[in-house]
Amino acid sequence: MLKKIVNKKGILYEGPVWFKDTLYFVDILKGEVHTLRGDKHTWIKVGTYVSSLQPYKRGGLVVTADKGFYHVSEEGVKTIYEVKEWDNRNRFNDGKCDAMGRYWVGTMNLEEKYPTGALFVLDKGLILRKVLEGITISNGLAWNLDNTKMYYIDSPTKKVFEFAFNLSTGEIRDRKILVDLTRFQGVPDGMTIDSEGYLWVAIYGGGKVIRVSPKGEIVGEIKVPASHTTSVTFGGNDMRTLFITTANDEAEGGYVYAVETDIKGVESFECEF
Ligand code: BGC
Ligand code: CA
């Protein structure tokens with residue numbers, strides 16, 4: 001049974017992360033970082049377009065917002081890295097750290113129409129690399145369990161791509177289509193991976209989350225009472241709870257939902273620069 005787990009309606013809840021018994025998520029358009037510990041829900045305004053967050057090895061969170069990466073802790077908000085040559089047609093969108101602690105984050109065209117976006121990675125020594133160009137709405141990111149593949153979504157393509165991934169160098173190559181969702185209503189948005197190596201992909205405009213095998217077969221789906229399903233992550237005491245964020249486009253949109261599953265998720269990585 002799917003349960004609504006927050007009462008405060010957001011505009012664009014996104015980027016859920018489970019870390020140390022706490023669910024974190026953002027409201028991109030309100031610029032807020034939200035924390036849900038037990039049933040205590042708190043939030044703080046951090047900046048504009050707060051697009052993703054991840055736990056930081058040195059404590060606190062790393063947040064992508066505005067034109068950069070910021071450390072958010074009890075001591076406040078400090079700049080880690082700001083992008084010098086920023087393209088004003090874009091804003092940051094989904095981001096996630098890999099097993100080596102690098103922060104991967106994409107940008108999207110503010111009009112959601114033109115391929116002005118890119119995928120970046122912030123590496124050790126605070127070196128920023130642009131790894132993909134010509135992206136329209138950079139979205140979900142995930143790695144397979146042995147870190148030999150990276151999965152990636154540019155939403156308007158309606159595809160989940162698979163790249164060969166080199167964990168030690170952080171390079172991606174050999175793009176392939178894992179699954180083509182052209183026949184589906186909506187577009188793929190955020191995603192996560194479970195302990196069996198299957199992806200869970202939120203379908204924005206489709207009101208559902210689908211489960212995709214490593215061969216690209218759609219093996220299951222969870223219906224959500226809000227059509228703009230934005231992202232997913234596993235958490236809870238036994239890592240079997242799937243948390244689902246949604247956007248505020250109708251009565252039941254703009255909340256976070258939770259559903260118990262039979263399958264365990266995997267822990268998120270901490271970032272380290
Ligand atoms: C973005 C939204 C966009 C949606 C669908 C989300 O990740 O934040 O602005 O409409 O993806 O592509
Ligand atoms: Ca997203």
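How many salt bridges does the structure hold? The structure holds 14. A salt bridge here is a side-chain nitrogen of Lys or Arg within 4 Å of a carboxyl oxygen of Asp or Glu.

This is a predicted model: local features need pLDDT of at least 70, side-chain atom pairs count only at pLDDT 80 or more, and totals for chains, interfaces and linings use all residues. Residues are numbered from 1 along each chain as its sequence is written, chains are lettered from A and ligands numbered from 1 in the order written, and side-chain values use heavy atoms, without hydrogens and water.

**Stop 1: ligand 1**

Select ligand 1. It is surrounded by 14 residues, counted when a heavy atom lies within 4 Å. E14, R91, N93, E112 and N139 are the closest. Show the side chain of E112: one of its polar atoms sits 2.7 Å from a ligand oxygen. For E14, a polar side-chain atom is 2.9 Å from an oxygen atom of ligand 1. R91 places a side-chain N or O atom 2.9 Å from a ligand oxygen. Alone, ligand 1 exposes 310 Å², and the protein buries 95% of that (Shrake-Rupley method, 1.4 Å probe).

Colour the strands next (DSSP runs of E, at least two residues). β10 (90-97) and β18 (187-193) each give two or more residues to the shell. β10 gives the most, three residues.

**Stop 2: R102 and D123**

Select R102 and D123. Their side chains form a salt bridge, 3.4 Å from N to O. The pair links distant parts of the chain, 21 residues apart: R102 is in the loop between β10 and β11 (103-109), D123 in strand β12 (117-123). R102 is buried because its relative accessible area is 3%; buried means under 20%, exposed over 50%, partly exposed in between (1.4 Å probe, protein chains only). D123 is also buried, at 14%.

**Stop 3: K208 and E221**

Move to K208 and E221. Their closest N and O atoms are 3.1 Å apart in a salt bridge. K208 lies in β20 (208-212) and E221 in β21 (218-223), 13 residues apart. K208 is buried at 17%, whereas E221 is partly exposed at 39%.

**Stop 4: T241**

Select T241, in strand β23 (241-246). T241 is buried, with a relative accessible area of 7%. Its side chain makes a 3.0 Å polar contact with that of E260. Such a contact pairs N or O atoms within 3.5 Å; within protein, one must be able to donate a hydrogen and the other to accept it, and sequence neighbours count only if both atoms are side-chain atoms.

Conventions: Helices (H or I, at least four residues) and strands (E, at least two) are DSSP runs, numbered from the N terminus.
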